Amino acid sequence: MAKDEFKEFKLVGTRPNRPDGLDKVTGRARYGADISAPGMLFAAVVRSPHAHARIVSIDTSKAMALDGVKAVITRADFPTGLTGEDWDLQENTMAGERALYDGHAVAAVAATSALLAQDAARLIKVEYEVLPHVTDVDEAIKPDAPVIRQGAADATVPEGSPPNVVRYMEFGHGDTDAGFAKADLVMEKTYKTEATHQGYIEPHACLGQLGEDGKGEMWVCTQGQWYIRKMCTAVLGLETSQLRVTPSEIGGGFGGKTTIFMEPLSLALSRKAGGRPVKLVMSRAEVLRATGPTASASMDVKIGMTKDGSITAATAEFRMQGGAFPGAPVDMALYCAFAPYKLPAVHHVGYDVLANRPKCAAYRAPGSPMGAFAVESLVDEMCRELALDPMEVRLKNAVRSGDASSYGPKFGSIGLIETLEATKAHPNLSAPLGPNQGRGIAAGYWFNHGGETSVSMAISEDGTAQVSVGTPDIGGSRASIALMTAETLGIPYEDVRVNVVETGALGVNEPTHGSRATFASGKAAVEAAEAAIKEMCRRAAAEWGIEPEAVEWVDGAAQPAGPNAGKFPPMTIAEIAGKMGSTGGPISGHHESVPGGVGASFGAHVVDVEVDPETGRTTILRYLVVQDAGRAIHPSYVEGQYQGGAAQGIGWALNEEYVYDKDGRLLNPVFLDYRVPVASDLPMIDTVIVEVPNPGHPYGVRGVGETGITPPLPAIANAIHAATGARLRHLPMSPPKVLAAIKALKG
Amino acid sequence: MARIEVNLWSGLRRLADGQQVVTVEATTVGEMLDALVAAHPALGPLLQAGVSVAIDGEITNGRHLPVTPENEVFLMQRLKGG
């Protein structure tokens, strides 16, 4: 099953304790809201209660009159003239002429206590002129829908398109008409998914300090400190290098902490309050009303299939809204939708549509779960219609290395076949099922990503090492990077400390997104270690009076490369490090690049459900995740990523959605009403790590964080159909919807 | 200079005189993108906003990377992860 073309390693592939574990279980780790500073002020934000409204006036006088209130800001305190994405970020941070969604910030206040700031915020009087609004994507794309923003469409949008369409895309290959003509069965269905939030446990929190001289600091819960720096300085008109951003520990991100929402407010308040630091911590309701959920989607998919299960052609039209700003991940959704299949003819069309909802943010494989829901549901429907085994149909049509992808380029090394074969062989597929129970399978895909990466590694005087990385640790990357560094240097895992550092300490790094941290920072750390090894070999050679090329590095020590190089006992890393001051100075290595060789990842999920015919409640009985990790550096964290993706996908499939009232106000902005899965909702989630090594990484790594959330939506829909005979094409498949579908079947 | 065939996503076709595959002279990704804009200025704002380039299946943003006529080159929407 596992295909391991690499040598066995001493540390890579083992499961040591995570280096930050003790800090996190004892409360020593400092998260976003744990940071404080002398003279600190506390902020509160005034938010629009309307989905769409013109801001007529803002009166801050009563708030400013309170003792202890040190600053109030509105959009008037921000620079003007921004364009493109910078304008979008600024407008989303603080509304200008109009509030564009329920929860849109319109003013903010800083005071000497959090309670006082909240009292002051309530005294800020905002007069609105309520405007027509639209929150549903199919309504928002209609030609006569309320217009969210004139002129927001980019050059891809054909003339005459509906006013809320801001991006248009179309791509494909082959003759789809001819392909459908060859099929024995052609089916076309419409699927919808609702917006869901990333649901991280830790709300957004930051502490910002900014002086009149334009120099500032920020401590913040984020997936990317350099992105925070870039975005905050753009929104506030500052010089990038004058803002130093330190990331806190992070209580979950899943893509939702790759951008800014309220961080510039703390800086702007600080500047207005004479440079005093300002702390801003969101409530859960603020998180749900005003930070990025994923998009909602409406999707038409058509597939042609022969009696033996060959897919002859496919088309897709996806409409997605990502809130009041461009950026719904409709492109990614289309790229990923048919990615598991080798298709002779395929055509994709996508629309990015504005709506009066909060600006969407990335969420784990952005777009891919929606695309998988539509395509993998329809493939299942067709298999049942043609009485074909859905696993065999997926194997029959699966892409292999060198095949053209559905989105155009040829695949490099991929492991879909190995993943499907491992799934097929798993005992979960033969476990008996009882009454009202059903089994569903689905596949999924994510590209993975390299991105700007900078790593520095320093050898300490005792021969231990510390690695500085710019990618916050969300899923165990410290442990994985330490394992790879220690393996390369030939020293114990415990002798490597990995530090997530601030923006002043390294070159630019992209956030921990795109499943890149272990791949990219890990690859850069290995390169940095190799550079240090080269220097240590040079120093040993100088000591021995031989050429550096005559020295090799084995098991954490320099040694002569062969009998002709001379006869010297190995010089350990500790011995070399101990006298670094007298042999040329500090020993370190660093690496800066956009690492190439990114390896894509496929996964397959199998789920068994039981549906209560009286209530429509779905219970997940058994769950299996099989995914290609390339090489699992720390298998426990790979398994954790697989299980986490499945758990979030289960919530997305069964319960999670934004519920708006007729006025466009969010009705469920707390976790009691916005229901993420809790432990009692989940079974043991079994995992199988397939290892088809990625040739683009020294240890074969493929990113694993995102693919795992792509198959759960359709796998559960397919299982519910198997259990009940009812096909649900609109998520979430909550009990009332399932019950209604069952009743509809009975007529 | 080498002649590179660039596959556009077809939504860009009407900004490139109806062509889905455009041939330009270039030796690097950066030269290729610049040549595309020189030949079809309407592509400029979109390419400037950021695109990803797939070279033989590997998706990159690197302008410095070499391209040759033997490479399979696709322009893609800029990729982002979560």
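**Reading terms against their values**

Q: Why is A:Ala365 called buried?
A: A residue counts as buried under 20% relative accessible area, as exposed over 50% and as partly exposed in between, judged with a 1.4 Å probe and protein chains only. A:Ala365 has a relative accessible area of 0%, so it is buried. This is a predicted model, in which local features need pLDDT of at least 70 and side-chain atom pairs count only at pLDDT 80 or more, while totals for chains, interfaces and linings use all residues. Residues are numbered from 1 along each chain as its sequence is written, chains are lettered from A and ligands numbered from 1 in the order in which they are written, and side-chain values use heavy atoms, with hydrogens and water left out.

Q: What makes the phi of A:Ala365 worth noting, and where does A:Ala365 lie?
A: A:Ala365 has a positive phi of about 55 degrees although it is not a glycine, and it lies in the loop between strand E15 (346-353) and helix H11 (368-385) of chain A. Helices (H or I, at least four residues) and strands (E, at least two) are DSSP runs, numbered from the N terminus.

Q: Why does A:Phe254 count as partly exposed?
A: The relative accessibility of A:Phe254 is 24%, and therefore A:Phe254 counts as partly exposed. A:Phe254 is found in the loop between strand E11 (243-247) and helix H8 (263-272) of chain A, and its phi is near 55 degrees, a positive value in a residue other than glycine.

Q: How do you know that A:Ser521 is buried, and which residues is A:Ser521 in contact with?
A: A:Ser521 has a relative accessible area of 0%, so the word buried applies. This residue lies in helix H15 (residues 517-544) of chain A. Leaving aside neighbours within four places in sequence, A:Ser521 is in contact (heavy atoms within 4.5 Å) with residues including A:Thr453, A:Val455 and A:Ile481.

Q: Why is A:Ala557 called buried?
A: The relative accessible area of A:Ala557 is 5%, and A:Ala557 is therefore buried. A:Ala557 is found in strand E21 (residues 557-560) of chain A, and, with neighbours within four places in sequence left aside, its contacts include A:Pro570, A:Met571 and A:Thr572. The C-alpha atoms of A:Ala557 and A:Ala574, which are 17 residues apart along the chain, are separated by 8.6 Å.

Q: What makes the peptide bond from A:Leu731 to A:Pro732 cis or trans?
A: Omega of this bond is near -5 degrees, and the bond is cis. A:Pro732 lies in the loop between helix H19 (712-724) and helix H20 (735-746) of chain A.

Q: Which elements does chain B have, and in what order do they run?
A: Chain B comes to 2 helices and 5 strands, running β-β-α-α-β-β-β from the N terminus on.

Q: How do you know that chain B is as compact as a globular protein of that length?
A: The radius of gyration is taken over C-alpha atoms, and the globule rule is 2.2 Å times the number of residues to the power 0.38. For 82 residues the rule gives 12 Å, and the radius of gyration of chain B is 12 Å, close to that value, so chain B is as compact as a globular protein of that length. Of the 82 residues of chain B, 52% count as buried, and its C-alpha trace spans about 35 × 30 × 15 Å along its principal axes.
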